[in-house]
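Morning, everyone. Please bring up the structure and keep it in view while I talk.

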Amino acid sequence: MGIFSEIDVEQESRDELQHETTEQPQISLVESPPPAESDSEAEPAETQLVADSQDKDAAPAEDKDEETKRKEHEAAEAKRKAEWEARQQKKKAAMQEKLDHLAAMSDDEVMVASMKQVSADTEKLTRRNMKDCVSEHIQTLCLDNPAFARKVMHPGKSMVHCIWYINRKAKEFVEQEMKDNDIKPENGIYGSDVPDDLCYQWAVDYFNDPDAEEDKEKDEQFVPKPYIGKSAKSKGNAKKAGTKKTEKKGIDKPKSESQPTGDDGQLSLLGVA
């Protein structure tokens, strides 16, 4: 009985040891659940979600603001063009009003008004000798010829332009004289006299010429201003930034040039003279 009991005890101890060895692998195979995330670790994800939603909301708002600015620019340009067209129309209307007034004037009124206009225009000139002589000649013709006086009273004509016309004709006259006589100016200067009668004739020719060059004015053109949107501004800023970087590199360049190049081989790297 004692032997069997010892055998049983040994058998039980062996069974317990085997049971423990078989249970240990099962315990090691069980994976522990991941630790719960703390509130501090969850906050960045929530913040990211909020930031993404704000970016999505901001994009349509920016597009709407850009569209509003573009429409405001187009409205301002339309208003500016309308004002420009109104000024052009006003100029044409003023010119036509003067022409209608001139057509309604009698011959005596035209002669008196033309003399006054010539005197007023002459005061704007600086060469008193020439302007006085030419103005007196034109005024005399106005008293003798009402049809010529009406030409002098044309809104597009003036004594200032008349003198410009005479100067241009005088220059052409002198250049032609030099060419005909094979004369070359000394030190770039050549002087010549123009007959008085020829100057008077040029003055008359000016008022008889409806298409004189001196009366032509450059037509004012309406130049629209393009709308500069957000994309164009960003490109401009990027271009400026690139220019600044290039200038900075240009400043730093002499420092690199002062360093020895690879032409000297290993000696230049070692600093051997």
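**Confidence and layout**

This is a predicted model, and the protein chain averages a pLDDT of 74, with 59% of the residues scoring at least 70. pLDDT is the predictor's confidence in each residue, from 0 to 100. Two ground rules. Residues are numbered from 1 along each chain as its sequence is written, and side-chain values use heavy atoms, with hydrogens and water left out. Local features need pLDDT of at least 70 and side-chain atom pairs count only at pLDDT 80 or more, while totals for chains, interfaces and linings use all residues.

Two stretches need care. Over residues 24-30, pLDDT stays under 50, and the model has zero contacts there beyond four places in sequence. A contact means heavy atoms within 4.5 Å. Over residues 256-273, pLDDT again stays under 50, with three contacts beyond four places in sequence. Where pLDDT is low, the predicted coordinates should not be read in detail.

Now the layout. The protein chain has nine helices and zero strands. Those are DSSP runs, numbered from the N terminus: helices are H or I with at least four residues, strands are E with at least two. Of the 273 residues, 17% count as buried. Buried means under 20% relative accessible area, exposed over 50%, and partly exposed in between, using a 1.4 Å probe and protein chains only. Among contacts with a separation of 6 or more, 78% join residues 24 or more positions apart.

Take α6 (159-180). α6 has 22 residues and reaches 31 Å from its first C-alpha to its last, close to the 32 Å expected at 1.5 Å a residue. The expected span is 1.5 Å times one less than the number of residues. Buried residues of α6 include M159, H161, I166 and M178. Just after α6, D182 takes a positive phi of about 55 degrees.

Next, α7 (196-208). Its 13 residues should span 18 Å, and the end C-alpha atoms are 19 Å apart, which agrees. Which residues of α7 are buried? They are C199, W202, A203, V204, Y206 and F207.

Back to the loop between α5 (146-152) and α6, where S158 sits. S158 is buried because its relative accessible area is 15%. Leaving out residues up to four places away in sequence, S158 touches D121, Y206 and F207.

**Two pockets**

Rolling a probe the size of a water molecule over the atoms shows where empty space is left. The search uses a 1 Å grid over the protein atoms alone and a 1.4 Å probe; a pocket is an open set of points with protein on both sides within 12 Å along at least five of seven lines, and lining residues have an atom within 4 Å of a point.

The largest pocket holds about 770 Å³ of space. It is lined by 25 residues, with M95, P155, G156, D215 and E217 nearest its centre. α2 gives the most to this lining, with six residues. By class, this lining has six nonpolar, six polar and 13 charged residues.

The second largest pocket holds about 160 Å³. Of its 12 lining residues, M130, I166, V194, D196 and C199 are closest to the centre. α4 gives the most here, with four residues. This lining divides into eight nonpolar, two polar and two charged. Ala, Val, Leu, Ile, Met, Phe, Trp, Tyr, Cys and Pro count as nonpolar, Asp, Glu, Lys and Arg as charged, and the others, Gly among them, as polar.

Technical notes: Grid points are joined across faces, edges and corners, and a volume is the space filled by probe spheres set on the points.
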